[in-house]
Amino acid sequence: MSLPVAVLGLGVHVPPRIITNEYFAQMLDTSDEWIHSRTGIRERRFVEENVCTSDIAALAAQQALQRAGLEAGEIELIIVATATPDHLFPSTACSVQEKIQAHHAAAFDVSAGCSGFLYALSVAVQFVANGSYRKVLVVGAETLSKFIDMEDRATCVLLGDGAGAMIIGGDGERNDFLSFVLEADGRGRQALYLPAGGSVLPASAETVQGRKHFVQMNGREVYKWAVEKITQVSRKALDQESLSLEDIDYFVPHQANLRIIEGVAERLHLPPEKILLSLPRYGNTSAASIPLTLEEALTAGRIQPGDLLLMAAFGAGFTWAAGLLRWSWSGCDGQPTL
Ligand code: UT7
C-alpha cells in the first residue's frame, strides 16, 4: 500500500539572541573577515541558559500546527531529529509531546546529525504512505550552543541554535514526496562527535576537565566528505525518479558552510539563483537548517506551489541524505517569521 503524503504545515523558531562574528573576535584569535570568508556565516542565534531543545522544538511545532489548522491531539506520531537532546533518555520527542499536549502521539528521536531532518522526514513519510499514521510531526531542533567549546575557534564559530517543524499527512490527492536516499559510513564517526557522556566515556571529573563534553571536529575531513557525498546522493535521488538537475527549481542544502554548498553547486552545475541559503543569518543549525531555509524562502515568496525542491544534507556519523519534494502547501500567511 502506498498512500499519498502531503505537507500540511511548517513552523520554525529561532531564539531572539543574535550572536555576531564580532562576539567571537572579542574573545578569541579570530575575526569577522575570517569567519565570513571561510564559512559564509555572519551571525547565529543562541538560546538563553534556561532554554532547552524541546522548548524551541515545541514552539516550532505549535506554529506548524496553527498553520495546518490542526489540534495537537490530532498528531499521531512525533519524530524529533536532534544531536543535542534534552537528555540521553528519555527522548526529546517525549518532552515535545508533553509540551504541546499531543497526548495521543507516539514519540521517538532520530540521531543522524545534520542529516537528521531528512532521515526523520523519510521515516515519517513511510509511516503515512503505509497507512500506519495519518498525521505526523517531524521536528529538527538543536541547542548546539550548549555543546560547543568556546575556546575552540574552529568549531564554536560555525554552530547555532534553532528549530523547524513539518507536519505531514494524508490529504486526498496531494502527493508531495518523491524519492529519498539515506546513506551512512560509520568509519567517519570520530571526525565529528561528542566524545564523553555516553557509554564509551561516561561523565567524570576527568572528562569535564578534558573538555570532552563539547563537539569535536576534524573540519577538513568533514568538508571533503560533505562535498563528495552531497553531490553523489543528490544525483542518486534524481536518478531514482528519472529526473535531471534542470527539473529542479530549488536546491535546499543543509547549511554547514558556504564553500561546501558552492563546491556541490559547481559539481552539479547548479546556478546560484537555484540555491536557497539561510546560513549567513543562522550558521549551522544541524537538523534544523533545512526547515529554517524552507521557511525563509517561503515567506520571501521564492518557493511557489508546483516547485520541485531537492533537499540534501551531510553530517555526523557520517550520514548523508537527499530527498525530492514537489511543493504544494500554501498555508504560510506570507508574514516573515524569521
Ligand atoms: O554539517 C557538518 C558540520 N561541519 C562542517 O560543516 C565543517 C566543515 N569544515 C569546514 O567548514 C572548514 O573545514 C572549517 C571552516 C571548519 C575550517 O576551514 P579550513 O579552510 O578548512 O581551515 P583549516 O581547518 O584548514 O585551518 C586553517 C587555519 C588553521 O591555522 P594554521 O594551523 O594554518 O595556523 C586554523 O587554526 O585557520 C585556523 N582557524 C581559524 N582562524 C581564525 C580555524 N578556525 C579559525 C577561526 N578564526 N575561527
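The legends below describe close-up views of a predicted model.

In this predicted model, local features need pLDDT of at least 70 and side-chain atom pairs count only at pLDDT 80 or more, while totals for chains, interfaces and linings use all residues. Residues are numbered from 1 along each chain as its sequence is written, and side-chain values use heavy atoms, with hydrogens and water left out.

**View 1. Domain 1 and domain 2 of the chain.** The domain assignment gives domain 1 as 6–169 and domain 2 as 177–284 + 296–326; such bounds come from an automatic or database assignment. Their centres, taken over C-alpha atoms, are 15 Å apart. Domain 1 puts 36 residues into the contact and domain 2 puts in 37, where contact means heavy atoms within 4.5 Å.

**View 2. Area buried between domain 1 and domain 2.** About 2,800 Å² is buried, and carbon and sulfur atoms give 65% of this. Buried area is the accessible area (1.4 Å probe) that two parts lose on being put together, summed over both. Cys114, Leu118 and Tyr119 supply 22% of what domain 1 buries against domain 2, more than any other three residues.

**View 3. Polar links across the interface of domain 1 and domain 2.** Two salt bridges cross the interface, each being a side-chain nitrogen of Lys or Arg within 4 Å of a carboxyl oxygen of Asp or Glu. Polar contacts join 15 residue pairs between the domains (both at pLDDT 80 or more). A polar contact is a pair of N or O atoms within 3.5 Å; within protein, one must be able to donate a hydrogen and the other to accept it, and residues adjacent in sequence count only if both atoms are side-chain atoms.

**View 4. Surroundings of the ligand.** The ligand is surrounded by 23 residues, each with a heavy atom within 4 Å of it. The closest are Thr30, Arg38, Arg153, Arg220 and Asn257. Polar side-chain atoms lie 2.7 Å from a ligand oxygen atom for Arg38, 3.0 Å for Arg259 and 3.4 Å for Asn284.

View 5. Most residues other than glycine have a negative phi, and most peptide bonds are trans. The bond from Phe89 to Pro90 is cis, with omega near 0°.
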